[in-house]
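Okay, everyone, let's have a look at this one together.

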Amino acid sequence: MIFIPKPGKDDYSTAKSFRPITLSTGLLKAMEKIVKGHILGTELELPNQFAFRKGCSTETALSKVYDELEKAYYNGKIGVGVFLDIEGAFDRIPFKRIRKAMKQFGIDPYIVEWYDTLVRNRYAYTNIKGTSLTIRPGRGTPQGGVLSPLIWNLAVQKVLSNMLDRAVKPTGFADDVCFTLTGDDPGTMRDVMQDTINHIVRWGNANKLSFNSKKSQMLVVTRKRLVKISNLTINGKNIDIVEHVTYLGMTLSKSLTWKQHLTDKVGKATRALLATKAMVGGTWGLDPSKAKWLYTAIARPIITYGSVVWARYPVSTCTKKLFSRVQRLAGLMISGGVRTTPTAGLEIITGLIPLEYLLLRLAAASRTRSKH
């Protein structure tokens, strides 16, 4: 095991500030890969689960969540999204729940027995600054294991499948779970959503999984005025009602505008560009093709991510200025041009498509590919 610090933590003296990664042998990974292909070949039915499935991605999950909220907003209704945080999901799922889930999906008994033996009899070893420790985990799947994400999907699918006939729409992406609900009466909606949360919390308690109320959030989307919904609770603790929520790398706002999201992403892309700019000078450093690659492969995808959801909205003048600023910085870095060179000229010289047009092309391609 190695431990990677989680970014943005204020205190790195606690174990939760680190992500444990399993470094298993190449032979085991090859075996897991073969077994995974065999399991997926049985055409598993995993409705409402978008992680680690062919033809699904974070963008398809985002599209589903956002489309539900958008329909409520523009039809004059109330849309509620609840984003739950499962504590240590992969690390805490019980062995018996894994075995039961694999059997429920009709997986070959020999594979069930093999994987059960693997997780029950494995040892975890680590060495940090000369201090060594070896333990035998009592639950959970190896983080970094080839089969671990698929096994988690199977284990959590039962609670998602049980909600197919409910008014609340579940969306699962591994351990990121979101529930959306649309309606007209705030009181009734609150009661229905609370009943759903109680249901999933009971499932979590039965499987020794807990939900963190401090990291869970609730977003209310509506064009109506003076709409008030009481706080939802997890085990008696309130879930915060927020104006912005980050889900799968995108910032959703209660007004369905993208100013906050784009400002954050353009700032992050700019910082990534400035970090590489020290390697490029007007007459020295990386050649133009490599400098362009740094922009198109590292910085630009930060902005274009999730464009299938938001790029269909008209780009405001303020947003165009943000796009132009980062595109100009990239153009100067690639071409080595002087500061007075017009941005449009830099785009022509470097072959960069203006971002507002590129986003439309990427969004259309993503929509066609996801078929959602």
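So, helix α2 lies across β3, β6, β7 and β8 (217–222), where contact means heavy atoms within 4.5 Å. It runs at about 155° to β6; axes are lines fitted to C-alpha atoms, for helices over the stretch in contact, with angles from 0 to 180 degrees between N-to-C directions. Helices (H or I, at least four residues) and strands (E, at least two) are DSSP runs, numbered from the N terminus.

Before I go on: this is a predicted model, where local features need pLDDT of at least 70, side-chain atom pairs count only at pLDDT 80 or more, and totals for chains, interfaces and linings use all residues. Residues are numbered from 1 along each chain as its sequence is written, and side-chain values use heavy atoms, with hydrogens and water left out.

Now the sheet: it's open, 5 strands, ordered β6-β7-β3-β8-β11, with mixed pairing; strands pair if DSSP finds at least two bridges between them. β6 (169–173) and β11 (240–242) are the edges, each with a single partner strand, so one side of each has no neighbour in the sheet. The twist averages 25° from one strand to the next. Inside, β3 (residues 78–85) and β7 (residues 176–183) pair antiparallel over 8 bridges, and Asp85 stands opposite Asp176 in β7.

On to the rings: the whole structure has 6 aromatic pairs, meaning Phe, Tyr or Trp (its six-membered ring) with centres within 6.5 Å; planes under 30 degrees apart are stacked, over 60 edge-to-face, the rest tilted. Tyr66 and Trp258 are a tilted pair, 5.2 Å centre to centre with 45° between the planes. Tyr66 is in α2 (residues 58–74), and Trp258 is in the loop between β13 (250–253) and α8 (259–277), 192 residues apart.
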